[in-house]
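Hi there,

Here is the structure I promised to pass on to you.

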Amino acid sequence: MADIAAVEARGVTKIFGQGQDGVRALDDVSIAIRQNEFFTLLGPSGCGKTTLLRLIAGFEQPTSGEILLKGSPVEHLPPYRRAVNTVFQSYALFPHMTVAQNIAFGLEMRGSPKEKVQGVVEEMLALVKMTGLGGRRPAQLSGGQQQRVALARALANHPDVLLLDEPLSALDLKLRQEMRSELKNLQRRTGITFIFVTHDQEEALTMSDRIAVMSKGKIQQLGSPIGIYEQPVNRFVADFIGDTNFVEASVDGSAGEFVHCRAAGGLDFLANPTTNATAGAKVTLAIRPEKISLRMGGDAGTIAQTVYVGTDTNYEISLADGSRLTVRVQNAMDGRAQFAVGEKVGIEVPAGAARMLLD
């Protein structure tokens with residue numbers, strides 16, 4: 001018997017407003033999130049990811065469809081009757097309470113014995129590496145510490161599912177990077193299902209077991225971080241996840257497991273197909289900048305611009321037809337860029353690095 005999903009959405013549609021003024025925030029979304037999984041809903045503002053999170057939490061009700069927790073429909077249950085907790089972007093800590101009182105609040109509202117509450121508070125403080133800080137108030141804490149308190153408070157009730165609504169967005173870059181690792185470690189140690197909402201592709205790629213990429217109320221692609229990055233199914237996913245070159249080309253024919261494509265700029269590609277395009281068909285290829293190699297002395301293109309980004313340099317290559325191609329090359333040991341503006345270069349793209357898109 002297959003494991004029951006921790007959370008499942010079945011044909012969920014959510015419309016805000018009525019009639020012609022109605023906004024379809026979710027459009028027939030179906031998804032199953034596994035138990036003990038770090039699952040991320042990723043997409044731009046307005047794609048429906050936070051709406052889906054709020055439906056799971058019980059803060060909104062679906063216009064149609066079902067939300068299930070461990071196989072049981074929960075549309076009829078208020079938020080406090082669902083075995084889920086939410087960590088908000090603003091943390092929502094009680095400023096007049098100490099750290100320990102904030103963590104204990106949910107347990108006390110449920111009537112837990114004082115001794116149990118104290119034990120859980122100490123356990124949570126240790127879990128989020130804040131032992132000894134229980135007597136402080138939120139105003140005495142850094143942003144990262146406040147976020148840890150919000151996590152501890154949400155985890156104190158041992159929910160089946162923890163919902164995280166862009167909890168890192170208020171932190172600076174260095175702290176965000178540190179907290180990504182902390183969150184992933186917390187999820188592994190607790191074994192709780194985490195559902196994380198973000199518009200930040202790097203957060204999604206570095207923390208998630210699986211990612212659902214959303215746009216316009218629909219799930220565009222669902223899969224592992226490496227699967228989504230390396231094998232995007234359409235132009236939206238390829239463009240939203242990482243940097244991508246889009247090259248218009250025509251199909252010459254098949255070449256074993258690949259498709260031979262020729263671009264107007266004079267380049268040939270052995271593309272990894274996702275469609276059944278026939279010879280002569282016009283297609284769009286997606287090629288990641290780091291998959292492309294440059295060599296001195298070729299005549300495929302000219303270096304039009306260089307952008308130094310620390311470990312790498314991004315080169316913008318002007319092709320014969322005037323189109324541009326971005327290439328990312330790791331810098332030499334002394335940090336200097338390997339090619340200069342105006343140099344002629346050869347361009348090499350390994351077989352399968354170019355991916356034919358559905359749209």
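In what follows, two residues are in contact, or meet, when they have heavy atoms within 4.5 Å. Please keep in mind that this is a predicted model.

By that cut-off, Val 99, Asn 102 and Ile 103 of helix 2 meet Val 149, Ala 152 and Arg 153 of helix 4. Sorted by class, this contact has four nonpolar, one polar and one charged residues. The axes of helix 2 and helix 4 are 7 Å apart, and the packing angle is about 30°. Angles under 35 degrees count as roughly parallel, so helix 2 and helix 4 are roughly parallel to each other. Their crossing is right-handed.

Helix 4 (residues 143-155) also packs with helix 5 (residues 173-190), at about 20° and with axes 11 Å apart. This pair is therefore roughly parallel too, and the crossing of helix 4 and helix 5 is right-handed. On the helix 4 side, the residues involved include Arg 148, Leu 151 and Leu 155, while helix 5 brings Met 179 and Leu 183, among others. The classes here are six nonpolar, three polar and two charged residues.

Which residues touch the most other members of the largest nonpolar core? They are Ile 103, Leu 162, Leu 183 and Phe 194, out of 37 residues in that core. Among the elements giving two or more residues to this core are helix 3 (114-127), strand 7 (161-165) and strand 8 (193-198). Beyond its neighbours within four places in sequence, Ile 103 has contacts that include Val 121, Met 124, Leu 125 and Ala 156.

Best wishes

Conventions: Residues numbered from 1 in each chain as written. Predicted model: local features only at pLDDT ≥ 70, side-chain atom pairs only at ≥ 80, totals over all residues. Heavy atoms only, no water. Axes fitted to C-alpha atoms, helices over the stretch in contact; angles between N-to-C directions. Helix = DSSP H or I, 4+ residues; strand = E, 2+ residues; numbered from the N terminus. Parallel < 35°, antiparallel > 145°, perpendicular 65-115°, else oblique. Left-handed = near helix turned anticlockwise from the far one by under 90°. Nonpolar A, V, L, I, M, F, W, Y, C, P; charged D, E, K, R; others polar. Core = buried A, V, L, I, M, F, W, Y, C linked by side-chain atoms within 4.5 Å. Buried < 20%, exposed > 50% of the residue type's maximum accessible area, 1.4 Å probe, protein only.
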